[in-house]
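Reader: I have just opened this one and have not looked at it before. Can you walk me through it?

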Amino acid sequence: MLRISVVTIFPEYFAGPLAISILARARQAGSVEYRVVDLRDFTHDRHRTVDDYPYGGGAGMVMKPEPFFEAVDALGVAPPIVLLSARGRPFRQDDAARFAAGSELTLLCGHYKDVDQRVADHLATEELSIGDFVLTGGEAAALAVLDATVRLLPGAMSDAESARTDSFFESAVLSAPSYTRPPDYRGHAVPEVLMSGDHRRIAEWRRTEAERLSRARGTGRQE
């Protein structure tokens, strides 16, 4: 079983997503356990303060280190401990597979202008980003990482082969386009090869299309 802990100032953010679809199915199958922790429970003032002004001045507020360190201490977790951050390296399918193969995963959600750098340097074991853009907080990024990971667990998907044919599953190549009924819709027809019943030709078409799309959209690993 994979135990996923999420540390956040908005625990309610995760209540809906974790209760539906594949994320709920994986928990029902006994493949994953979720623990969503309110960072404010690890503050020591009546206002439950998690942020303060940055040293050196500047705009915005910075999340304090103490609540993060104390929350992780209380959870008693082992690595990986992931801080979701715009400064992190890009999260990839390989990371999801690595997390899914483990027994623990802890996700730290920042907010406000920034998180005290000591959290990244001395608490988190890695820092990940889901793209070159800035979110209001780390919750959406954490949910993306969680979703990509959990869907790979046993019992999460009713059709495991579906995951194995996803984009990026075993390489940086995108998946080929998909079509379903009707065969012609508003004059837009399904490629003939997909209705031919010729499995060799279909496999070749899918491989060629996947490679074409990957080249056109510039996907690939960046080491």
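Author: One term before the sheets: two strands count as paired if DSSP finds at least two bridges between them. Also keep in mind that this is a predicted model.

Reader: OK. What is the strand order in the open sheet of 5 strands?

Author: The order is β2-β1-β6-β5-β8, and the pairing is parallel.

Reader: Which are the edge strands there?

Author: They are β2, residues 32-38, and β8, residues 126-129. Each of these pairs on one side only.

Reader: By how many degrees are neighbouring strands of this sheet turned against each other on average?

Author: The average is 35°, with direction ignored.

Reader: And what packs on the sheet?

Author: Helix α6 does, and it touches β1, β2, β5 and β6. The direction of α6 makes about 160° with that of β6.

Reader: Let's go strand by strand. How many bridges join β1 to β2?

Author: There are 7 bridges between β1 and β2, and the two strands run parallel. Val 6, for example, has Val 36 in β2 as its bridge partner. Ser 5 is partnered with Arg 35 in β2.

Reader: What stands opposite Ser 5 in β6?

Author: That is Thr 106. Strand β1 (residues 2-8) is joined to β6 by 5 bridges, and this pair runs parallel. Another bridge partner in β6 is Glu 104, which goes with Arg 3.

Reader: What holds paired strands together, in general?

Author: Strands of a sheet pair through backbone hydrogen bonds, and they can do so either parallel or antiparallel.

Reader: Back to β6. How many bridges does it have with β5?

Author: β5, residues 81-90, pairs with β6 over 4 bridges in the parallel sense. Leu 84 has Cys 109 as its bridge partner in β6.

Reader: Is β6 mostly covered or mostly open?

Author: Strand β6, residues 104-109, is mostly covered, with 6 of its 6 residues buried. On one side are Glu 104, Thr 106 and Leu 108, and on the other Leu 105, Leu 107 and Cys 109. Both faces are covered.

Reader: Why two sets of residues like that?

Author: In a regular strand the side chains alternate between the two faces of the sheet.

Reader: And how many residues of β1 are buried?

Author: 6 of the 7, so β1 is largely enclosed by the rest of the structure.

Reader: Change of topic. You mentioned α6. Where is Leu 146?

Author: Leu 146 is in helix α6.

Reader: Buried or exposed?

Author: Leu 146 counts as buried, because its relative accessibility is 0% and the cut-off for buried is under 20%.

Reader: What is Leu 146 in contact with?

Author: Setting aside neighbours within four places in sequence, Leu 146 contacts Ile 4, Val 6, Leu 18, Leu 23, Tyr 34 and Leu 107. The C-alpha atom of Leu 146 is also 8.1 Å from that of Ala 96, although these two residues are 50 apart along the chain.

Reader: Which residues of α4 meet α6?

Author: Ala 96, Phe 99 and Ala 100 of α4 meet Val 145, Ala 148 and Thr 149 of α6. By type, the residues of that contact are 5 nonpolar, 1 polar and no charged.

Reader: At what angle do the α4 and α6 axes cross?

Author: At roughly 65°, with the axes coming within 8 Å. The two helices are therefore roughly perpendicular to each other. Their crossing is right-handed.

Reader: Now the other sheet. What is the order in the open sheet of 3 strands?

Author: It reads β3-β4-β7, with mixed pairing. The edge strands are β3 (51-52) and β7 (114-115). The sense of the β3 and β4 pair is antiparallel, over 2 bridges. Asp 52 has Val 62 in β4 as its bridge partner.

Reader: One more. Where is Val 119, and what is it in contact with?

Author: Val 119 is in helix α5, residues 117-122. Apart from neighbours within four places in sequence, Val 119 contacts Pro 65, Phe 68, Phe 69, Leu 83, Leu 108 and Ala 124. Val 119 counts as buried, at 0% relative accessibility.

Definitions and conventions: Residues are numbered from 1 along each chain as its sequence is written. This is a predicted model: local features need pLDDT of at least 70, side-chain atom pairs count only at pLDDT 80 or more; totals for chains, interfaces and linings use all residues. Side-chain values use heavy atoms; hydrogens and water are left out. Axes are lines fitted to C-alpha atoms, for helices over the stretch in contact, and angles run from 0 to 180 degrees between N-to-C directions. Angles under 35 degrees count as roughly parallel, over 145 as roughly antiparallel, 65 to 115 as roughly perpendicular and the rest as oblique. A crossing is left-handed if the near helix is turned anticlockwise from the far one by less than a right angle, and right-handed if clockwise. Contact means heavy atoms within 4.5 Å. Ala, Val, Leu, Ile, Met, Phe, Trp, Tyr, Cys and Pro count as nonpolar, Asp, Glu, Lys and Arg as charged, and the others, Gly among them, as polar. Buried means under 20% relative accessible area, exposed over 50%, partly exposed in between (1.4 Å probe, protein chains only).
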